[in-house]
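Thanks for coming. I will go through one model today, starting with the contact between its chains and then moving to the packing inside each chain.

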Amino acid sequence: MKYSEKILDHNSAPRNVGTLDVNDPQVGTGLVGSPACGDVMRLQIRVDDEGRIEAARFKTFGCGSAIAASSLVTEWVTGKSLEAAASVKNEAIAEELNLPPVKLHCSVLAEQAIEQAIADYRRKQAARKADQEPR
Amino acid sequence: MPDAFDVLHIEPQFVVDRSELERHHRALLAELHPSRQATAPAPAPTDALFAKQGAINAAYQQLSDPLTRAELLLTRQGLSLSSAQSPELVARIFEQRQALEQAVSIRDASAVSNCVGASRARQAQLHSALATHFPQGAAVTLRQTAEIGLILQELRYLNKLIQRGEQALDDLE
């Protein structure tokens, strides 16, 4: 199978590979897997006080397309508001990377990962708020 | 359309007799062999012959692996697996993949082979668990499909992990 230039580029120079502190209240973590292909992907965001994503990191164990999709998403969401990040859709990822039909699930996985990361961050913030409220 | 059980004349059950499977596989291939045909000299192999051999070999592969065998049995019973995922499973697999890549990155062949070995042991455990979920001669219940679904998912993740580990071991040698 022939990979697009962009997929190759994200694989030879993956952006934002790494780990953020899972226990940091400003950090949201998304951990997703695709049993059909056996790939697993972790995507994390750190959100500043204004609700902007100041950093995004990923770690993906899977094929080149899955790595490229998660790398691209971290690039896209950095500097964005949570709302803007939540609107990242798998179709856009697939189009940008020119993913072949058999690899579309990789873009779906990346979308699920950012969704989960945002949901995790919001959950943490809500729990924190509940803690701070007087009983 | 005949499935792998039909092609190889094997009783559609999860527990299959390996030697019976081997025997049927070989006998079916032998029957097709050009030298066994009535005409002399033996006819040249045709595309139709290759297609038949291919179908027999594919069926054999499918029945040899407990994962695909289980999938096939569920299909026969008209059951589809839910796509419900377990976050715990994904987290566990992520940790294992991470440990494997860590071992690969420091070129520690024995650590890599430990990861592969642990996954193989788990695979064997899951295969026995599957056997208990497919009652002999009885249909699988709906409740069981949920558990079977998770086992099959884990097996697929493990396949990928083992494949990756073995490839890394080859590279390290």
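The contact between the chains takes 13 residues from chain B and nine residues from chain A; two residues count as in contact if their C-beta atoms, placed from the backbone, lie within 7 Å. This is a predicted model, in which local features need pLDDT of at least 70 and side-chain atom pairs count only at pLDDT 80 or more, while totals for chains, interfaces and linings use all residues. Residues are numbered from 1 along each chain as its sequence is written, and chains are lettered from A and ligands numbered from 1 in the order in which they are written.

On the side of chain B that touches chain A, the elements giving two or more residues are α5 (87-105) and α7 (142-172) of chain B. Helices (H or I, at least four residues) and strands (E, at least two) are DSSP runs, numbered from the N terminus. The most comes from α5(B), with seven residues. By class, that side of chain B has six nonpolar, three polar and four charged residues. Here Ala, Val, Leu, Ile, Met, Phe, Trp, Tyr, Cys and Pro count as nonpolar, Asp, Glu, Lys and Arg as charged, and the others, Gly among them, as polar.

What does α5(B) lie across in chain A? It lies across β1, β2 and β3 of chain A, and runs at about 90° to β1(A). Axes are lines fitted to C-alpha atoms, for helices over the stretch in contact, and angles run from 0 to 180 degrees between N-to-C directions.

Now the sheet itself. It is open, has three strands in the order β1-β2-β3 (chain A), and its pairing is antiparallel; strands pair if DSSP finds at least two bridges between them. The edge strands, each pairing on one side only, are β1 (27-34) and β3 (53-61) of chain A. From one strand to the next the twist averages 15°.

Eight bridges pair β1(A) with β2 (residues 39-47) of chain A, and A:Thr29 stands opposite A:Gln44 there. Between β2(A) and β3(A) there are eight bridges, also antiparallel, with A:Met41 opposite A:Thr60. The hairpin of β2(A) and β3(A) has five residues between the strands, and A:Gly51 in that hairpin takes a positive phi near 80°. Of the nine residues of β3(A), seven are buried, meaning that 20 or more other C-beta atoms lie within 10 Å of the residue's own, C-beta atoms being placed from the backbone.

Next, the helices of chain A. Helix α2 (residues 64-77) of chain A packs on the sheet, where it touches β2 and β3 of chain A, and its direction makes about 175° with that of β3(A). How is α2(A) placed against helix α4 (residues 90-97) of chain A? The angle is about 110° and the axes are 10 Å apart, so α2(A) and α4(A) are roughly perpendicular, a term for angles of 65 to 115 degrees. In this contact A:Ala68, A:Ala69, A:Leu72 and A:Val73 of α2(A) meet A:Ile93, A:Glu96 and A:Leu97 of α4(A). Six of these residues are nonpolar, none is polar and one is charged.

Last, a helix pair in chain B. Helix α2 (residues 18-32) and helix α3 (residues 47-64) of chain B pack at about 175°, with axes 10 Å apart. They are therefore roughly antiparallel, the term for angles over 145 degrees. Among the residues making the contact are B:Leu21 and B:His25 of α2(B) and B:Ile56 and B:Tyr60 of α3(B). The contact divides into eight nonpolar, two polar and one charged residues.

Conventions
Buried ≥ 20, exposed ≤ 12 C-beta atoms within 10 Å, placed from the backbone. Parallel < 35°, antiparallel > 145°, perpendicular 65-115°, else oblique.
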